[in-house]
Amino acid sequence: MIRLNKWVILMGVSILPTVLGILMNQLIMKVELGGFMMFFLSFMFYLYWIYTGYKIRSTFVVDMKVFLVAHLIGVASLFLMAYQISVQGGFLTGYAGFLPQMYFLPGLSLIARFDVFGILSDLIKLSSVVLSVMVLCFYGGTRLAVKMHTR
């Protein structure tokens with residue numbers, strides 16, 4: 001039986017939002033998914049991210065290194081998007097322009113729905129808030145695990 005390293009599993013967890021974003025993008029394109037369903041999927045994604053933090057806490061002693069590895073793809077995607085928009089003037093063609101956006105797609109609908117004043121009209125600001133909420137949800141899941149296991 002193959003025993004995976006804990007850090008390899010954590011990197012797999014880090015890639016999951018991108019994979020979910022690609023699947024959601026396909027749903028949007030093929031089924032013309034929108035409105036309430038996108039909001040619901042986004043809400044479910046954040047619940048899933050809380051659960052992920054909960055499960056990671058049972059495997060790791062959660063410290064800053066775990067948070068960084070779990071959100072490494074998101075931070076890299078945010079920097080790549082900012083570089084493309086500010087220096088290139090737009091997104092690159094191919095995977096270099098496509099994949100960084102997909103990381104934020106699962107959580108985008110919920111955050112955009114609450115942006116009633118248009119403060120987050122810039123894609124980089126909106127993606128930054130999505131990443132921040134993901135980190136908060138992950139942290140909430142780890143705290144929930146601590147509370148559940150100390151009883």
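**Exercise 1. Find which residues Ile56 touches, leaving out those up to four places away in sequence.**

Step 1: take contact as heavy atoms within 4.5 Å. Step 2: skip residues up to four places away, and Ile56 is left touching Leu10, Val13, Val66 and Phe138.

Before going on, bear in mind that this is a predicted model, where local features need pLDDT of at least 70 and side-chain atom pairs count only at pLDDT 80 or more, while totals for chains, interfaces and linings use all residues. Residues are numbered from 1 along each chain as its sequence is written, and side-chain values use heavy atoms, with hydrogens and water left out.

**Exercise 2. Work out which residues of the largest nonpolar core touch the most other members, and which element gives the most to this core.**

Step 1: A nonpolar core is a set of buried Ala, Val, Leu, Ile, Met, Phe, Trp, Tyr and Cys residues joined through side-chain atoms within 4.5 Å. Buried means under 20% relative accessible area, exposed over 50%, and partly exposed in between (1.4 Å probe, protein chains only).

Step 2: look inside the largest core, which has 26 residues; Leu10, Tyr46, Trp49, Ile56, Phe104 and Met134 touch the most other members.

Step 3: go by element. Helices (H or I, at least four residues) and strands (E, at least two) are DSSP runs, numbered from the N terminus. Two or more residues each come from α1 (6-31), α2, α3 (64-70), α4 (72-88), α5 (95-114) and α6. The top contributor is α6, with seven residues.

**Exercise 3. Say how the rings of Trp49 and Phe138 are arranged, and where the two residues sit.**

Step 1: recall the rule. Rings of Phe, Tyr and Trp (its six-membered ring) pair if their centres lie within 6.5 Å; planes under 30 degrees apart are stacked, over 60 edge-to-face, and the rest tilted.

Step 2: apply it. The centres are 6.0 Å apart and the planes stand at 45°, so Trp49 and Phe138 make a tilted pair.

Step 3: Trp49 is in helix α2 (residues 36-59) and Phe138 in helix α6 (residues 123-149), 89 residues apart, so to speak a link between distant parts of the chain. Trp49 is buried at 0% relative accessible area, and Phe138 is buried at 0% too.

**Exercise 4. Describe how α6 packs against α2 and against α4.**

Step 1: Axes are lines fitted to C-alpha atoms, for helices over the stretch in contact, and angles run from 0 to 180 degrees between N-to-C directions. Under 35 degrees is roughly parallel, over 145 roughly antiparallel, 65 to 115 roughly perpendicular, and the rest oblique.

Step 2: take α2 and α6. They pack at about 45° with axes 7 Å apart, which makes α2 oblique to α6. Among the α2 residues that meet α6 are Trp49 and Ile56.

Step 3: take α4 and α6. Their angle is about 175°, with axes 10 Å apart, so the two helices are roughly antiparallel. Gly74, Val75, Leu78, Met81, Ala82 and Ile85 of α4 make the contact with Leu123, Ile124, Ser127, Ser128 and Leu131 of α6.
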